Amino acid sequence: MLEAYCRGVGSHLKSIVRQVEALEKLTKLTDILKARKDETQKERLKFLYEQVQQADYLEALQNFPSPLNNNHVLGNLIVEDCKILDSAKRPLWLVWLNPDPMAECLFKYNSIIFKNGDDLRQDMLTLQVIRIMDSIWQNEGLDMRMMPYACLATGKEVGMIEVVRNAKTVMNIQRKGGRMAAFQVDSTQLHKYIKEKNKGIRYDQAIETFTQSCAGYCVATFILGIGDRNPDNIMVNEEGQIFHIDFGHFLGHFKKKFGINRERVPFVLTEDFLYVIAKGAENPKKSKEFQSFMQLCGKAYLMLRRHANLLITLFIMMLSTGIPELQSMNDIGYLRKTLQVEKTEEEALEYFQNQFFEAYGGAWTTKLDWFFHSVKHL
């Protein structure tokens, strides 16, 4: 099959060979970095810069089509902007110039995270399903402003992830507000950030974008049972669009601490998010914006539920792939439960609304989990 593909792909084969060479170089480089356990981050970064500036690395890592999007060419590598992320697997944050003549009008840089040691197939599947959910909503005339960024597994526990432009994690936004916000006491920092980035008429547009995308991800992460939802795994861009990253736990495989589920609510809906939705109102849960948000979530949930067979079939097709948290029909049973396939539409909506009330009623448990996450990472 590989030979037939290579023969049939024609002149594009040269580009694919360049991509393979780049991936081999990056895999080798991250293997070396992981082995250098006793070095400081500064020493590892110095080694990274020395390596990528060698002639063979520069030749392999510059001026080739992006494996994530063949319409984008990765130009010259900006070595000084590359970094090693703070993780045991030493993922690389790599930055290239955009060689397109229209780069000034489009975007100047292309950034990719390269991972070696993580199985990205689960992330790929989750993002593919989120794209399908978005497509269902779009076909029904509902734009939930989703952000299913590109993710590609290129080999066994090797792959790359698109870096979304002008976006920060909720954790980084909270840190800007000082210790009170970082330790989850001040819940207004996210709203302040969006207000600061969107002046005048753009403010209302940003709040609407946040509300739509927050509703979309609340429903999607609830149905898929996405776990490990800490403030480092939720991001917001400058236009107010919220999105989730890192889907290492799904179908209800939530993280545990001392045998106890850390995540005790069906999805993340903290005071930080409610303040934004209610445009900074003092009591966001009593605002008309929150009531509209609640109705939007219910509407989006029912739309997806009408396509339950499609969503469940996708996961059944992936059973044989060996994805760690998708091993048996018991795992798929989680989807049947969240989509309430045996119930009537009215019963399913009642079930979802109960989960919704539990989510914002138990928001303090999420904030407590976020507090311990913040203490650990500050």
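Mentor: We begin with a definition: helices (H or I, at least four residues) and strands (E, at least two) are DSSP runs, numbered from the N terminus. By that rule the protein chain has 15 helices and 12 strands. This is a predicted model, in which local features need pLDDT of at least 70 and side-chain atom pairs count only at pLDDT 80 or more, while totals for chains, interfaces and linings use all residues. Residues are numbered from 1 along each chain as its sequence is written, and side-chain values use heavy atoms, with hydrogens and water left out.

Trainee: Where is Arg90 found, and why is Arg90 called buried?

Mentor: Arg90 is found in the loop between S3 and S4. Buried means under 20% relative accessible area, exposed means over 50%, and partly exposed lies in between (1.4 Å probe, protein chains only). Arg90 has a relative accessible area of 13%, and therefore counts as buried. Of the 378 residues of the protein chain, 50% count as buried.

Trainee: What is the phi of Arg90?

Mentor: The phi of Arg90 is positive, about 50°, although Arg90 is not a glycine. Most residues other than glycine have a negative phi. Asp246, in the loop between S10 and strand S11 (256-257), also is not a glycine and has a positive phi of about 60°.

Trainee: What makes Asp246 partly exposed?

Mentor: The relative accessible area of Asp246 is 33%, so Asp246 is partly exposed.

Trainee: How do you know that S4 and S5 pair?

Mentor: Two strands pair if DSSP finds at least two bridges between them. Six bridges join strand S4 (residues 92-97) to strand S5 (residues 109-116), and the two run antiparallel. Leu94 has Ile112 in S5 as its bridge partner, and Ile112 also stands opposite Glu162 in S7. S5 and S7 pair over five bridges, again in the antiparallel sense.

Trainee: Which strands make up the open sheet, and what makes a strand an edge strand?

Mentor: The open sheet has five strands in the order S3-S4-S5-S7-S6, with antiparallel pairing. Strand S3 (83-84) and strand S6 (151-155) are the edge strands, since each pairs on one side only. S6 is joined to strand S7 (residues 158-162) by four bridges, the two running antiparallel. Cys151 stands opposite Ile161, and Ala153 stands opposite Gly159. S6 and S7 form a hairpin with two residues between them, and Glu157 in the turn has a positive phi of about 55°.

Trainee: Why is S7 called largely enclosed?

Mentor: Four of the five residues of S7 are buried, so S7 is largely enclosed by the rest of the structure.

Trainee: How do you know that the buried residues of H13 line one face of the helix?

Mentor: In helix H13 (residues 329-338) the buried residues are Asp331, Ile332, Tyr334, Leu335 and Thr338. Seen down the axis of H13, they fall within an arc of 130°, so they line one face of the helix. The arc is that of the directions from the helix axis to the C-beta atoms.

Trainee: What makes Asp118 and Lys89 a salt bridge?

Mentor: A salt bridge is a side-chain nitrogen of Lys or Arg within 4 Å of a carboxyl oxygen of Asp or Glu. The closest N and O atoms of Asp118 and Lys89 are 3.4 Å apart, and the pair forms a salt bridge. Asp118 lies in the loop between S5 and helix H5 (121-139) and Lys89 in the loop between S3 and S4, so the pair ties together parts that are 29 residues apart in sequence. Asp118 also forms a salt bridge with Lys115, at 3.5 Å between the closest N and O atoms. Lys115 counts as buried because its relative accessibility is 17%.

Trainee: Where is Gln241 placed, and why is Gln241 called buried?

Mentor: Gln241 is in the loop between strand S9 (234-237) and strand S10 (242-244). Its relative accessible area is 6%, so Gln241 is buried.
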